[in-house]
Amino acid sequence: MRRRKTAILSVAVMAALGAAHTAVPAIAQANSSAVADLQRWPAKGLAAALDPAIEQKIDALIARMSLEQKVGQIIQADIASATPEDVRRYHLGSILNGGNSTPTGEYNAPASKWLEAADAYYAASMKPQGDLPRIPVIWGSDAVHGHNNIVGATLFPHNIGLGAANDPDLMRRIGEVTAIEMRVTGLDWTFAPTLAVVRDDRWGRTYEGFGETPDIATSYAAPLIEGLQGKLGDDDWLRGSHIVATAKHFLGDGGTAGGKDQGDARIDEGRLRDVFSPPYLPAIDAGVQSIMVSFSSWNGAKMHGNASLLTGVVKDRWNFSGFLVGDWNGHGQVEGCTVTNCAQSVIAGLDMYMAPDSWKGLYENTLANARSGALPPARLDDAVRRILRVKFRAGLFEAGKPSSRPYAGEFERLGSADHRAIAREAVRKSLVLLKNEDGILPLDPAAKVLVAGDGADNLTKQTGGWTLTWQGTDTKRTDFPNAQSIWEGIEAEVTDAGGSATLSPDGSYGDRPDVAIVVFGEDPYAEFQGDRPDVGYDDARSLALLRSFRAAGIPTVSVFLSGRAMWVNPFLNASDAFVAAWLPGTEGGGVADGLFGKSEFTGRLSYSWPRSSDQTNVNLGDADYNPLFAYGYGLTTAEDGSLDQLPEERASAAPTDENMLFSGGRVGTGRQLLIGSPGALATNPAPELITAQGADRNAQEDAVRLRWSGSGRAAVAIAQESGMDLTRQANGGLALELEFKVDKAPTADVNLLMTCGEECGGGFPVRALLTTTAETGRWTRASFPLNCFVQAGVDMSGVDAPLMLVTDGQLDLTLASARIMSPTGEQLSCK
C-alpha cells in the first residue's frame, strides 16, 4: 500500500466522539521496598582505570561545549525519525536503528547502504559549526545473535541455545565474529549481551536469557564482552576489530510477576541482588562500556527512575565508569514523566535517553530543564562526561569516517566460511537430546530420509525474532544468502553419504521412508509480543503428522524449534527421538551434524523443562522443584534414551492472543462486536442504520460484512469488557492492522476511532483510503500506528474500544481481521 498522510483528530472525528481529553497513565509510586540499601551490595574498585589524558580532553571539550550540545549528547534518536541533518542541527550524541529501522526503509537493505548511512551520520556530526567543538556520533544496534539486522550476516543461536552449550570460550569467539561483521557495515556499538536471569518462561524474551540461574550468564559475561570489545588494557580494546558492548537490562527484567515484559519484579532486595545482579559484576570487570536500563520495575518503581540502583549501586558502589543508556522510550514510564519530558530519569542516573521517535520534543524540554536548573548542571555534565569518555576510549575522535575504519566495506566477511564454522559449532553444542527410544539416533545418512514439518526449510522460523525485522517475521529465503536451512543441511549430509532425502512439509510420500524427521515449533516473536499465559505448546497439524508416522510404523525424529522450554508431552509420546534445537540461527547443518552422528549431543538444559502446561516458573532450587527434565539434563546417544508414556492432558486452556481483536469471524476473548448509533451501541442488530452478517474470506464465514444504510450516524465497534492497557504496545511501535475489502465506497466522511472511556479518544478520517481501495476491489491490509492514536488524544492505559468505524453515509465493507501487531510493509502516516 502507498504511504498516505492522514490528519490527526479532525473536526469530523471530534464531532463523532465528543470532546476528547487525554489522561496521563497512572504509574506506581516508589516505596521503601524499591530503594536499595547500598551497604548490602558488593563494593568494587574501578575496573577500567581513568586515563588522565582522556579526562583532560573531556574537561577541555566540556568547557567549549554549548548547552545545546550537552543536551544533544545525552539523546539517542532512531534513524527512522532522525536524518543526518538532524544530528548536525541538534548535536545528537547517538543514533540507533530499532528492530524495524534500516537506512533505506526496506527491512532487507543491503549492507552497502548501512555503511553509506554510517558515513552520512558521522559526516553530519563532524560538520563545522562556528567555534563549537565537533563530537562524533556513535551508532547503536541490537546485534543480539550476530549482526542480525544485515542481509547475509552470520546468525548464531539465540542465547537460550548458547546457554545449553555452556562453553565460555565459544562465547568469546561469537563476540569476535559479531564485532567484525558490525565493523564491516560501519557500526560501532551493540546492545548486547543480554544478561537476564529468566525465572518465568511465559516471558516473551526468555530466549534472550542464557538460563534460569545466574551461573551461566555470569560465566559468559566476561568472555563475550571481551570478544566484542577486546581485552581491557590491550591496544585494540574498543578499536580495530572490536566495538562497544552493552550489558542489559539492568535489573530484574527476567523476574517480573507473571513473566510480563516491562512488568514488575516483586521481590526482596536480597533476591534482586543474588539472583539478577551477579552477571553484571564480571561484565564491569571486563570493561563493558554501557549498561542498558530495564523497562521493568522493582516493587512498583520503574528502573529508569530508580536512583538507588542506577547511581547508588552501579556508579557509586560498583564504580562503573561508562554510561547508562535507556531502553526504547523507557524514561516515559517513570512517574511524572512523558517520553518528551523526563528530567527525573537523568537525575536518577540515566546518562543517555533512548528516544527513538520522541527525541525532538525531548531535546527541547531537556534544554529548557537545563536552562531552568530543573536538570542540575553537574548531573548534565557528568552524563556528558561519561558518554565522551567512551567515545574517546573507542578512538572515535581520530577514527575518521566509518568507511575508512578497519574491516569497513569488506562485505565478503559477512557470512564468511570461518564465521559460519563457528556458528555451526554453536548449533551443534546447543542441541539437547530429550528422548532417544531404542537408540534411533544417530541416524544412518545412507538411509531413505523423509524431512517434514513447517520448520524444515524455513529460515524465518529457524532464526526467530530479532532477525532483519524486530519480530523476525515476513522474511524470505533470499534474505539469507549465506545460510543453510535444516532441510538443506540434512540433504547435504544424506546426499554425501549416498542416501536419499526428500522434503515434504506436509509429510506425504510415495516410497516409504526408512525414517522421518519432523521440524516444527514456535513462530518468531520478540519482546512482549511473545508473552504467553502458559507454556503449553499447541500445534494440531504437527502432532497429527507425528502420529501418522507412528501409526504407519515409520521411526520418527522430532526437531523442536522454540524460544523457551515448553510442555510438549503429546509430541514426546509421538516421537522416537526428540531434540530441543531452540532457535539455531543460519547454520542448519549443525542440526544435521547431531542427527547423523557427526557430533555428539553435548547440550544440557539451562532451563528446567515443564511437567505441565501451567508449570511456568519451575526453577532449580525451588522448594517444590519437580520438572519433567531437570536443569542440566541432556542425553548422549550412548545413554538409554527411553521415556515412559507421559500424560497428555493440558492443565489449562489454550493460550489466547490479547492483541487479536477480530479474526476468523470471531472477536477476541473478553470483547464484543457492537453496532448502532455511536451513543447506543449494542450486540442487537440495528437494520435501519447498519447490518452485520457472516462473509467468506479464506473459509466459510471467517469475516463479517458491514453495511451502513446512510439513514443516520452509525458505528461499528469492537468493545473491551474491561479497559485494556496498550501502553507497551504503543511504546513498542505497534500498529492497529485491519484487513478489509470495500464493496461500496463511502458516500460521506468515515472516521476510524479508538476510545478510552466517556469523552476520551481520538482517531483519523479514512474516507480517502476506503474510496481508493473500493476502486481496486481487492482485499487490503492497512496499519495505523498506535502512537498516532496517542497523539490524537487516546489514553492507552484504558482503551475500552480499540476499534470503531463511524459514518453518516452509506458504506459496504467486509472486515476479515483486526489486531494489534508489529506493522508490516507500508503503514499510514500520522504526520
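Predicted model: local features only at pLDDT ≥ 70, side-chain atom pairs only at ≥ 80, totals over all residues.

Visitor: Why is Gln729 called buried?

Guide: Its relative accessible area is 2%. Buried means under 20%. Gln729 has 2%, so Gln729 is buried.

Visitor: What makes the pairing of Gln729 and Asn659 a polar contact?

Guide: The side chains of Gln729 and Asn659 are joined at 3.1 Å. The cut-off is within 3.5 Å, for a pair of N or O atoms. The value of 3.1 Å falls inside that limit, so the label holds.

Visitor: Where is Gln729 placed?

Guide: Gln729 sits in helix H21, residues 727-731.

Visitor: Now Glu208. Why does Glu208 count as buried?

Guide: Glu208 has 2% relative accessibility. The limit is under 20%, so Glu208 counts as buried. Glu208 lies in a loop, between strand E4 (189-190) and helix H8 (214-229).

Visitor: Which residues does Glu208 touch?

Guide: Not counting residues up to four places away in sequence, Glu208 touches Asn159, Thr194, His249 and Trp466. With Thr194 there is also a side-chain polar contact of 3.5 Å.

Visitor: Which residues of helix H11 are buried?

Guide: In H11, residues 307-317, they are Ser308, Leu309, Leu310, Gly312, Val313, Val314 and Lys315. Asn319 follows H11 and has a positive phi, near 55°.

Key
Residues numbered from 1 in each chain as written. Heavy atoms only, no water. Helix = DSSP H or I, 4+ residues; strand = E, 2+ residues; numbered from the N terminus. Buried < 20%, exposed > 50% of the residue type's maximum accessible area, 1.4 Å probe, protein only. Polar contact = N/O pair within 3.5 Å; in protein donor to acceptor, adjacent residues only side chain to side chain. Contact = heavy atoms within 4.5 Å.
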